Amino acid sequence: YDSILYLNKYYLPLFAIGNERDDANAITYDVASGGGIAKNVLGVGAVEIIAGGYTGPASVIMTDFSNYGPADDSRIKPDFVAPGKDIYSATSTNDTAHTAKSGTSMSTPGAAGSLFLLQQHFKNKKTVFMKSATLKALAIHTCEEAGPAAGPDAKFGWGLLNIEKAINPQGLAGPEGSRVILLIDILVYKSEFVMIGVQESI
C-alpha cells in the first residue's frame, strides 16, 4: 500500500483494524494486521457510542473486540478510533431493513465519510483538495485524548476522531513562526526568518 500511496498523493485509504481481540483468552496487544498497519494509511479502531458527548479521556470506552497494535516495528496502530458498536446500519433482510451492527467495519465507514466531508469543505474554501499526508496529519492531531494513557497508544491510537475540531483547530496555534490553517475562515499565519552570519568552512 505504501508504494501505491507514494505515487498517488491524494489517495488516503482507511482500513478497519480488525475484531480479533479477545481479552478473556489473552489475545490482546499486537493483534492488528493486514492493510491497517501500513505506514501511510489510516487504521481505524472501534469504541462505544458516546451518548452524552465527549467529556474527557474516560468518556471514550473501548469495545471488547477492536484490535490493539502496535505494528511489529512498534509504530502506533490504530491511528485513531471512532464509534463502532451498535451502529444503526442497513441489513440484507429486505430493501429497507436496518439493524444495529458492531465492528471496526462499522467505525471505519463513518470515519471515511467524515474525512471526505472535511476534504469537501477544504476544497470549497481553497478550490483544491488536501494531499493525503495533510489530511492524515490534520485528522490524527485533532483527535480527542482517549483512554488512561496520555498521548498516542496502541489501544486508541491518537484518540477519538473529531471532525469539528479538525475544521476549526482552535488552541493549536503554536509559537510565533508557526503556520496554522483554520479551515473555517482560511486564515494562514506565516513568519519569515532571516539568518545573518558567516558559514564556517567544511
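**Salt bridges and their surroundings**

A: Asp 79 is buried, its relative accessible area being 3%, where buried means under 20% relative accessible area, exposed over 50%, and partly exposed in between, with a 1.4 Å probe and protein chains only. Asp 79 forms a salt bridge with Lys 77, and the closest N and O atoms are 2.7 Å apart; a salt bridge is here a side-chain nitrogen of Lys or Arg within 4 Å of a carboxyl oxygen of Asp or Glu. Lys 77 is also buried, with a relative accessible area of 1%. The model is a predicted one, in which local features need pLDDT of at least 70 and side-chain atom pairs count only at pLDDT 80 or more, while totals for chains, interfaces and linings use all residues. Residues are numbered from 1 along each chain as its sequence is written, and side-chain values use heavy atoms, with hydrogens and water left out.

Side chains of opposite charge can pair when their charged atoms come close. In the whole structure, the search finds 5 salt bridges. Another of them joins the side chains of Glu 144 and Lys 165, at 3.8 Å from N to O. Glu 144 lies in the loop between α3 and α4 and Lys 165 in helix α4, so this pair ties together parts that are 21 residues apart in sequence; helices (H or I, at least four residues) and strands (E, at least two) are DSSP runs, numbered from the N terminus. Glu 144 counts as buried at 17% relative accessibility, whereas Lys 165, at 24%, counts as partly exposed. A further salt bridge brings together the side chains of Asp 23 and Arg 21, with 3.0 Å from N to O. Here Arg 21 is buried at a relative accessible area of 5%, and Asp 23 is partly exposed at 43%.

As for the nonpolar parts, the largest nonpolar core has 18 residues, and those with the most contacts inside it are Phe 80, Leu 115, Leu 118 and Leu 161. Such a core is a set of buried Ala, Val, Leu, Ile, Met, Phe, Trp, Tyr and Cys residues joined through side-chain atoms within 4.5 Å. Two or more residues of this core come from each of β2 (42-47), β3 (80-83), α2 (104-126), α3 (132-141) and α4 (163-167). Met 62, Tyr 68, Phe 156 and Leu 160 are included in a second, separate core of 9 residues.
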